[in-house]
Structures are given as structure tokens and as C-alpha cells.
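This report describes a protein model through its salt bridges, fold, aromatic rings and surface. Please keep the sequence and the structure in view while reading.

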Amino acid sequence: MAFPTVQTTNTSATTTAGTNHVVALPTGIVAGDLIIICMSIGSTAATLNAHADYTELLDENNAVGLKILYRWAAGGEGNPTLVSSASTRDATVAFRISGAINPSVQAPEIGTTATASSTTPDPPASATPGSTKDYLFITFCGS
């Protein structure tokens with residue numbers, strides 16, 4: 001198995017509060033890539049409605065809450081529109097990852113998230129995994 005590698009990313013944002021949030025996916029997506037979407041919503045608490053093509057890892061429903069979704073690419077994916085339960089803004093980054101294990105075998109995992117205010121955000125420590133598998137760690141902060 002190849003080491004999981006971020007091949008490309010793309011960012012998008014809903015800068016005027018709304019309930020439709022179009023996520024700009026990275027270029028070059030092919031079948032077998034893992035797509036991960038990391039979103040931070042604005043100052044209004046809201047949840048995202050389930051999207052038929054993505055699996056949700058996190059939906060905090062907090063002001064400045066985090067959302068994380070993933071999909072095993074079939075190739076030819078278009079930019080998804082995520083719908084929020086309240087009118088809010090968002091800032092989003094989408095990753096195209098090659099060399100990942102199919103989520104039907106091993107789904108992506110997340111660590112403990114924190115809700116706080118800091119000028120120096122710091123992700124939780126990651127324990128050394130107890131196997132010889134290849135890992136890719138991604139951290140992000142919404143503010």
C-alpha cells in the first residue's frame with residue numbers, strides 16, 4: 001500500500017450568511033482517491049443536513065463549529081452543496097488524498113475536538129499508533 005498523500009486541496013467560503021454551502025473540490029480527482037472536507041461555520045450554530053454522497057465524521061452544531069465529511073471517490077465528482085439548518089457563513093478546505101485505505105475497510109478517524117478561544121490554537125497530541133501502517137494526520141482550526 002502506498003503512503004497516504006495529500007495530492008491537491010481547494011478552499012471555498014460562503015462569505016454572506018446563507019443555508020447553501022458550495023464546496024469547491026480539488027482538481028484531478030480519480031477513482032480511489034479519498035476526499036475529506038473540513039468546514040468551519042460562522043458565528044451562528046447550525047448543523048449540516050446529511051449529504052447522500054458523503055459520510056459525516058463530525059458536526060458540532062456550535063457557533064464557529066467544525067464539520068468533517070469524507071467520500072471514497074468514484075471519479076468525476078462535482079462540487080457538493082451542503083445545506084445548513086440555519087443561515088451562516090463557512091470557510092472550507094477539501095483534500096484529495098491518494099494511497100489511503102478504502103473507508104469500507106478502515107474509515108478515517110478523528111481525535112478529540114476542543115471548543116475554546118485562543119490566539120495560539122494547538123491540536124491534541126497524537127499517540128504513536130500501535131501498528132506498522134502508514135498514517136496521514138491532518139489538523140485544522142476554525143475561528
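## Salt bridges

Arg71 forms a salt bridge with Glu77, and their closest N and O atoms are 3.0 Å apart; the term salt bridge here stands for a side-chain nitrogen of Lys or Arg within 4 Å of a carboxyl oxygen of Asp or Glu. Both Arg71 and Glu77 are buried, where buried means under 20% relative accessible area, exposed means over 50%, and partly exposed is what lies in between, with a 1.4 Å probe and protein chains only. Asp53 joins Arg71 and Glu77 in a network of salt bridges. The model is predicted, so local features need pLDDT of at least 70 and side-chain atom pairs count only at pLDDT 80 or more, while totals for chains, interfaces and linings use all residues. Residues are numbered from 1 along each chain as its sequence is written, and side-chain values use heavy atoms, with hydrogens and water left out.

The whole structure holds four salt bridges, including one between Arg96 and Asp33, whose closest N and O atoms are 3.1 Å apart. Because Arg96 lies in strand β5 (residues 81–98) and Asp33 in the loop between β1 and β2 (34–41), this pair ties together parts that are 63 residues apart in sequence. Arg96 and Asp33 are both buried. Another salt bridge joins Lys67 to Asp59, with the closest N and O atoms 2.6 Å apart, and Lys67 is buried at a relative accessible area of 1%.

## Overall fold

The protein has zero helices and five strands, these elements being DSSP runs numbered from the N terminus (helices are H or I with at least four residues, strands are E with at least two). The radius of gyration is 15 Å, close to the 15 Å that the globule rule gives for 143 residues, so the protein is as compact as a globular protein of that length; the radius is taken over C-alpha atoms, and the rule is 2.2 Å times the number of residues to the power 0.38. The C-alpha trace spans about 40 × 35 × 20 Å along its principal axes.

Of the 143 residues, 36% count as buried. Among contacts with a separation of 6 or more, 75% come from residues 24 or more positions apart, a contact being heavy atoms within 4.5 Å. Thr55, in strand β3 (residues 55–59), is in contact with Ile68, Leu69 and Tyr70 when its neighbours within four places in sequence are left aside. Thr55 is partly exposed, with a relative accessible area of 38%.

## Aromatic pair

The structure holds one aromatic pair. Tyr135 and Phe137 form this pair, which is stacked, at 6.1 Å centre to centre and 25° between the planes; rings of Phe, Tyr and Trp (its six-membered ring) pair if their centres lie within 6.5 Å, and planes under 30 degrees apart count as stacked, over 60 as edge-to-face and the rest as tilted. Tyr135 is partly exposed at 33% relative accessibility, whereas Phe137 is exposed at 52%.

## Surface

The accessible surface comes to about 8,000 Å², of which 51% belongs to carbon and sulfur atoms. Phe3, Val6, Leu136 and Ile138 form a nonpolar patch on this surface, with about 290 Å² of accessible area together. Patches are made of residues with over 30% relative accessible area and no salt bridge, with like charges joined within 9 Å and nonpolar side chains (Val, Leu, Ile, Met, Phe, Trp, Tyr) within 5 Å; accessible areas come from the Shrake-Rupley method with a 1.4 Å probe, and for residues only the protein chains shown count as cover. Phe3 is placed in the segment before β1 (5–22) and is partly exposed, with a relative accessible area of 44%.
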